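Please open the model in your viewer and keep the selection panel at hand. The tour that follows moves from one group of side chains to the next.

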Amino acid sequence: MNWLIKTFSSSIGQKILMALTGLFLCTFLVVHLIGNLQLLIDDHGYQFNNYARFMTSNPFIKVAGYITYLSILFHAAKGLWLAARNRSARPKGYKKYSGSANSTWMSRSMGVLGTIILVFIIIHMQQFWYQYKYAKTEIPSQEYFYLANGNDHLVILKDSIESALDGEDTTLNKFIDPMAGRPTFGTEVKSVKVKDLYTVVADTYKDPLYVALYVFAMVAIGFHLLHGFSSAFQTMGWKHPKYNGLINLFTWFFGIIIPAGFAAIPLIMYFR
C-alpha cells in the first residue's frame, strides 16, 4: 500500500492522476452535450425536463455525478498546483528564458485556462444545478401529455390540449401527427409532470451577457482540451506512431467539436 501512496504522491504520479481525471471528464462532456442538445428539440422542453429528472433521481447517475464533482475539484486543484510549481521552476536571473521556444501557448496557459473554466463551472452550477436541487424558490413544474403508442416525441402541453378543444389548434398541430388529427383521449394518451428546468435555461439564454460568458468559456475549454487531451496520452505513455493519427483525431474532436456543440446551444436559443 505504501508503494501506491508513494507512486501517486510523486511528481509523475500527480501527472498520471491529472491525466486520468482529465480523460474521465472528457467522457462526461460527451454525455453532458448529448443531454443538452435536447434543449433544441421543439417540444416545450419535454425531453430535456425528463432528462433532467432522470439525471437527478437515478441512483447510479447520482454516484457518477459525485465522482464527477470530485474529479473536477481534484483536477482543478492539482492543475493550479502544477502550474504554480512549473512557473517557480523556470530559469530566472541572468539567463533569458523564452517559453515559446520549448512549449506552445496553450501548454503555458493551462493554469489560466483552467481557472477560467473553474469559475464558469461554479457560475453555471449555481445557475442551474443548485437552483434545481436546493433553491428555496422551487422551480415550477410543467405538465405534458404525449401519445402512448410509441410516438413519445409527439408532445403537447396541457394548455395546448385545452386550447385545441376550444378550436384553437395551431399549437397542437405542431406536435400531433397530421394524419391522426386530434389526440384520442383515454389509454392512448399519457401525462407526466416534471420540474420545468427547460424554462429556467431558456430564460437564462435570453441574457446576451450570459451567452457571451458561455461562449467565452467554451473557447477556453477548447484550448484547454487541444493541449490537455493529447498531453494525457503522452503522460500515460500511450502515444505511439501507429496510433498518433487516431489520437490527433480525437484531440480535434474534443478540442473543437465538443466545445462548438456546447457553444451552439445558447447561441441558437438566443437568436431563435
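A residue is called buried when its relative accessible area is under 20%, exposed when that area is over 50%, and partly exposed in between. Please keep in mind throughout that this is a predicted model.

Begin by showing the aromatic side chains, among which there are 13 aromatic pairs. Select Tyr 69 and Trp 129, whose rings form an edge-to-face pair, with 5.5 Å from centre to centre and 65° between the planes. Because Tyr 69 belongs to helix H4 (residues 59-88) and Trp 129 to helix H7 (residues 110-134), this pair ties together parts that are 60 residues apart in sequence. If you colour by accessibility, Tyr 69 comes out as partly exposed, at a relative accessible area of 27%, and Trp 129 is likewise partly exposed, at 30%.

Select Phe 253 and Phe 254 next; their ring centres are 5.1 Å apart and their planes meet at 80°, so this pair too is edge-to-face. Which of the two is buried? Phe 254 is the buried one, with a relative accessible area of 8%, whereas Phe 253 is partly exposed, with a value of 32%.

Finish with two lysines. Show Lys 78 with Trp 81, where the charged end of the lysine sits over the ring, 5.0 Å from the ring centre. Then move to Lys 195, whose charged end sits over the ring of Tyr 132, at 5.0 Å from the centre of that ring.

How values were computed:
Residues are numbered from 1 along each chain as its sequence is written. This is a predicted model: local features need pLDDT of at least 70, side-chain atom pairs count only at pLDDT 80 or more; totals for chains, interfaces and linings use all residues. Side-chain values use heavy atoms; hydrogens and water are left out. Rings of Phe, Tyr and Trp (its six-membered ring) pair if their centres lie within 6.5 Å; planes under 30 degrees apart count as stacked, over 60 as edge-to-face and the rest as tilted. Helices (H or I, at least four residues) and strands (E, at least two) are DSSP runs, numbered from the N terminus. Buried means under 20% relative accessible area, exposed over 50%, partly exposed in between (1.4 Å probe, protein chains only). A charge sits over a ring if NZ of Lys or CZ of Arg is within 6 Å of the ring centre and within 35 degrees of the ring normal.
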